[in-house]
Amino acid sequence: MAKADLIISIVNHSNPELLHDCLRTLFATTRDCTFEVWVVDNATDGRGVEAMRRDFPQVRWLFNTERKGFSANHNQVLRQAHGRYICIFNDDTIVHEGAFDALVRFMDENPRVGMAGARLLNADGTVQNCTFRPMSLSGQLFDLVFLPRPLHFLKQMEIDPAQYGHEEARVNWVLGACIVVRDETLAEVGLLDEAMSPLGNTEDTDWCVRAWKAGWEVAFCPEAVITHLSSRSFRPSATGPDKVRVELWRTRVAYFRKHHGRLQEWMLRAILVGTLPYNSMVLTQTLLRGRMALPEFRRQLSTFLRISEMGLRARV
């Protein structure tokens with residue numbers, strides 16, 4: 001039996017309305033390639049699952065008995081599904097006409113491309129950050145620290161401007177909301193690193209960088225357009241530290257240790273600790289000026305404290 005052109009792996013995080021729209025648009029807009037859709041139910045409450053299984057009987061489901069992280073969930077599909085290409089895909093997405101057909105066509109026409117990402121749009125139609133330059137220490141500093149408005153452009157220094165154009169481009173890494181990987185590349189590079197993404201954070205960066213190191217190219221395919229309702233699957237904590245943001249910085253420390261060595265890891269740790277006094281001062285001034293409510297002040301301060309603590313731990 002011939003392999004399908006494309007396997008699409010989606011994780012159900014108990015967002016049935018989002019996932020239902022994702023599946024509806026996926027099947028309605030993909031016409032030229034053969035494909036299979038696998039959904040990993042991440043030990044949800046089951047809300048909406050039966051309706052989706054009724055409406056989309058061709059979808060293959062895997063059911064977890066306990067909650068798993070982003071990489072661990074997708075790896076279940078990556079281990080057992082067989083297609084010429086495999087896509088890790090978010091449930092909080094709306095597929096535009098021909099997006100997956102374009103991705104398969106692009107991969108067929110570019111045999112040295114091991115991984116590719118689509119153009120992602122925000123809900124309002126604006127371009128979402130989806131193509132990136134290499135992670136740097138300066139980029140991490142500007143991302144973590146509060147900056148005055150005239151210096152906000154520094155927070156964009158690791159964004160690859162290819163995402164704003166209409167030309168295919170080679171980029172360092174693409175956002176994990178939609179990454180298509182060639183089966184030969186997957187066999188050589190391996191699965192997603194489960195230590196990088198219990199919640200879904202730096203696993204996409206790591207995966208793409210590993211592909212480059214193995215001699216494959218990572219590309220941006222602007223013809224494929226997908227709306228990504230960013231972070232709908234992982235909402236920030238309402239009280240206490242923002243667990244998603246704290247986890248993001250933990251995985252970045254792990255990423256620097258893995259790809260840049262101990263020296264840069266410890267330099268990043270110094271940034272996590274050293275920015276705390278300044279960020280705390282800015283938060284306090286914002287509170288005293290009446291521009292921030294006390295609960296939000298406490299939430300943000302506790303988040304920065306947790307991030308800073310990671311810089312002092314022997315291992316994260």
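Two strands pair if DSSP finds at least two bridges between them. The views below show a predicted model.

**View 1. Strand β1 and its partner strand β2.** Strand β1 covers residues 4-12, and strand β2 covers residues 35-41. The two strands run parallel and are joined by seven bridges. Within this pairing, I8 has V37 of β2 as its bridge partner.

**View 2. Strand β1 and its partner strand β4.** Strand β4, formed by residues 83-89, runs parallel to β1 and is joined to β1 by six bridges. Here the bridge partner of I7 is I86 in β4. In a regular strand, side chains alternate between the two faces of the sheet.

View 3. Together with helix α1 (residues 16-29) and β2, strand β1 makes a right-handed β-α-β unit.

**View 4. The largest nonpolar core.** This core contains 90 residues, and those touching the most other members are I8, I10, L23, F89, F100, M115 and W207. Helix α8 (residues 243-274) gives the most to the core, contributing ten residues. Because both domain 1 (6-228) and domain 2 (241-312) give residues to the core, the core lies between them.

**View 5. The contacts of M115.** M115 is among the residues that touch the most other members of the core. Leaving aside neighbours within four places in sequence, the residues in contact with M115 include M107, I179, V180, V181 and T185. Also in contact with M115 are V189, W207, C208, A211, E217, V218 and A219.

Key. Residues are numbered from 1 along each chain as its sequence is written. This is a predicted model: local features need pLDDT of at least 70, side-chain atom pairs count only at pLDDT 80 or more; totals for chains, interfaces and linings use all residues. Side-chain values use heavy atoms; hydrogens and water are left out. Buried means under 20% relative accessible area, exposed over 50%, partly exposed in between (1.4 Å probe, protein chains only). Helices (H or I, at least four residues) and strands (E, at least two) are DSSP runs, numbered from the N terminus. A crossover is right-handed if, with the strands pointing away from the viewer, the path from the first strand over the helix to the second runs clockwise. A nonpolar core is a set of buried Ala, Val, Leu, Ile, Met, Phe, Trp, Tyr and Cys residues joined through side-chain atoms within 4.5 Å. Domain bounds come from an automatic or database domain assignment. Contact means heavy atoms within 4.5 Å.
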